Amino acid sequence: MFKLALLAGALLGAASVWAAVDPTLPPAGQAAVPAAQASEETLQLQAILRDRRGAVRAMINGQSLSVGDRIGGHQLVAINKADVVLEHAGQQRTVRLARPVITKSRP
């Protein structure tokens, strides 16, 4: 009975230590950047989507946006074939799609 109580106490102690450390938090000394404060370097163009009607949307940081929408203080000005143009404080910046992971091996 004593061994069972000792084991239960050890498990409860380990559970409280495990709960105190959240693996999804940034490392100590580094703060997460809120979406509203996203800088130009943190904006990642993930996809450009076109539907059957010709409507175009850009997937930036997991958000589906159309021209005129805002993300982190930036306004989406244009969606091109392989990049988008964002404007922030009167400055424009082009964000490009990453090169495709899958490429043709033969023409």
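Accessible areas were computed by the Shrake-Rupley method with a 1.4 Å probe, and for residues only the protein chains shown count as cover. On this basis the accessible surface of the protein comes to about 8700 Å², and 59% of that surface belongs to carbon and sulfur atoms. The structure is a predicted model, in which local features need pLDDT of at least 70 and side-chain atom pairs count only at pLDDT 80 or more, whereas totals for chains, interfaces and linings use all residues. Residues are numbered from 1 along each chain as its sequence is written, and side-chain values use heavy atoms, with hydrogens and water left out.

Helices (H or I, at least four residues) and strands (E, at least two) were taken as DSSP runs and numbered from the N terminus. By this assignment the protein has one helix and seven strands, and the elements follow one another from the N terminus in the order α-β-β-β-β-β-β-β. With buried meaning under 20% relative accessible area, exposed over 50%, and partly exposed in between (1.4 Å probe, protein chains only), 16% of the 107 residues of the protein count as buried. Where contact means heavy atoms within 4.5 Å, residues 24 or more positions apart account for 28% of the contacts with a separation of 6 or more.

Strands of a sheet pair through backbone hydrogen bonds, either parallel or antiparallel; here two strands were taken to pair if DSSP finds at least two bridges between them. Strand β1 pairs with β2 (residues 56–60) in the antiparallel sense over five bridges; Leu49 stands opposite Arg57 of β2, and Ala47 stands opposite Met59 of β2. The two strands β1 and β2 form a hairpin with five residues between them, and Gly54 in its turn has a positive phi of about 95°.

A further open sheet contains four strands in the order β4-β5-β6-β7, and its pairing is antiparallel. The edge strands of this sheet are β4 (70–71) and β7 (91–96), each pairing on one side only. Two bridges join β4 to β5 (residues 74–79), and these two strands run antiparallel; the bridge partner of Arg70 in β5 is Gln75.

A nonpolar core was defined as a set of buried Ala, Val, Leu, Ile, Met, Phe, Trp, Tyr and Cys residues joined through side-chain atoms within 4.5 Å. The largest such core has twelve residues, namely Leu43, Leu45, Ile48, Ala58, Ile60, Leu65, Ile71, Leu76, Ile79, Val84, Leu86 and Val95. The elements that give two or more residues to this core are β1, β2, β5 and β6 (83–88). When residues up to four places away in sequence are not counted, Leu45 touches Ala58, Met59, Ile60, Ala82, Asp83, Val84, Val95, Arg96 and Leu97.

Two polar residues are also buried in strands. His74 is found in strand β5 and counts as buried at 3% relative accessibility, while a polar atom of the His74 side chain lies 3.1 Å from the backbone oxygen of Gly72. Asp83, placed in strand β6, is buried with a relative accessible area of 12%. Polar contacts are pairs of N or O atoms within 3.5 Å; within protein, one must be able to donate a hydrogen and the other to accept it, and residues adjacent in sequence count only if both atoms are side-chain atoms. The side chain of Asp83 makes such contacts with the side chain of Asn80 (2.7 Å) and with the side chain of Arg96 (3.1 Å). Leaving out residues up to four places away in sequence, Asp83 touches Leu45, Ile48, Thr94, Val95 and Arg96.

Most residues other than glycine have a negative phi.
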